[in-house]
Amino acid sequence: MQFRELSASELTEGFILLSTFRSELTLEQFETFIASQYPKDYRSIGAYERGELRIYAGVSIRENLELGRHLIVDDFVSREGYEHLSREMVDYLGDYAKMHQC
């Protein structure tokens with residue numbers, strides 16, 4: 001399993017997987033959101049197996065007085081049949097948060 005931030009050219013692939021969970025979301029809405037938020041406020045993380053996106057997570061790094069710097073998981077969806085890999089993604093997101101001093 002390979003975990004990494006999606007490149008700009010892979011974001012449509014992320015949208016396709018995300019839309020299985022957020023069926024009301026259109027590609028136009030996603031692209032508009034990404035254009036205004038990515039990569040500063042929203043980052044798309046993928047879990048790939050054999051070159052195929054299996055899990056998608058959209059995360060935000062925030063900071064406030066109460067919690068300090070912290071990672072928020074805004075979106076999390078796995079391809080049907082790959083739910084068993086979700087724990088690995090959660091573990092990666094914990095490491096990702098540490099890499100970004102969260």
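Here are a few friendly notes on a helix pair and on one aspartate in this predicted model.

1. Let's start with the two helices. H1 covers residues 11-18 and H2 covers residues 27-37. Their axes come within 11 Å of each other and cross at roughly 125 degrees. That angle makes H1 oblique to H2, and the crossing is right-handed.

2. Which residues make the contact between H1 and H2? From H1 come Leu11, Phe15 and Leu18, and H2 supplies Leu27, Phe30 and Ile34. Sorted by class, this contact has 6 nonpolar residues, with no polar and no charged ones.

3. Next, have a look at aspartate 75, which sits in strand E4, residues 68-78. Is this residue buried or exposed? Its relative accessibility is 9%, so aspartate 75 counts as buried, the cut-off being under 20%.

4. The side chain of aspartate 75 has polar partners worth checking on screen. One is the side chain of arginine 22, with a polar contact of 2.6 Å. Another is the side chain of tyrosine 42, joined to that of aspartate 75 by a polar contact of 2.5 Å.

Note on methods: Residues are numbered from 1 along each chain as its sequence is written. This is a predicted model: local features need pLDDT of at least 70, side-chain atom pairs count only at pLDDT 80 or more; totals for chains, interfaces and linings use all residues. Side-chain values use heavy atoms; hydrogens and water are left out. Axes are lines fitted to C-alpha atoms, for helices over the stretch in contact, and angles run from 0 to 180 degrees between N-to-C directions. Helices (H or I, at least four residues) and strands (E, at least two) are DSSP runs, numbered from the N terminus. Angles under 35 degrees count as roughly parallel, over 145 as roughly antiparallel, 65 to 115 as roughly perpendicular and the rest as oblique. A crossing is left-handed if the near helix is turned anticlockwise from the far one by less than a right angle, and right-handed if clockwise. Contact means heavy atoms within 4.5 Å. Ala, Val, Leu, Ile, Met, Phe, Trp, Tyr, Cys and Pro count as nonpolar, Asp, Glu, Lys and Arg as charged, and the others, Gly among them, as polar. Buried means under 20% relative accessible area, exposed over 50%, partly exposed in between (1.4 Å probe, protein chains only). A polar contact is a pair of N or O atoms within 3.5 Å; within protein, one must be able to donate a hydrogen and the other to accept it, and residues adjacent in sequence count only if both atoms are side-chain atoms.
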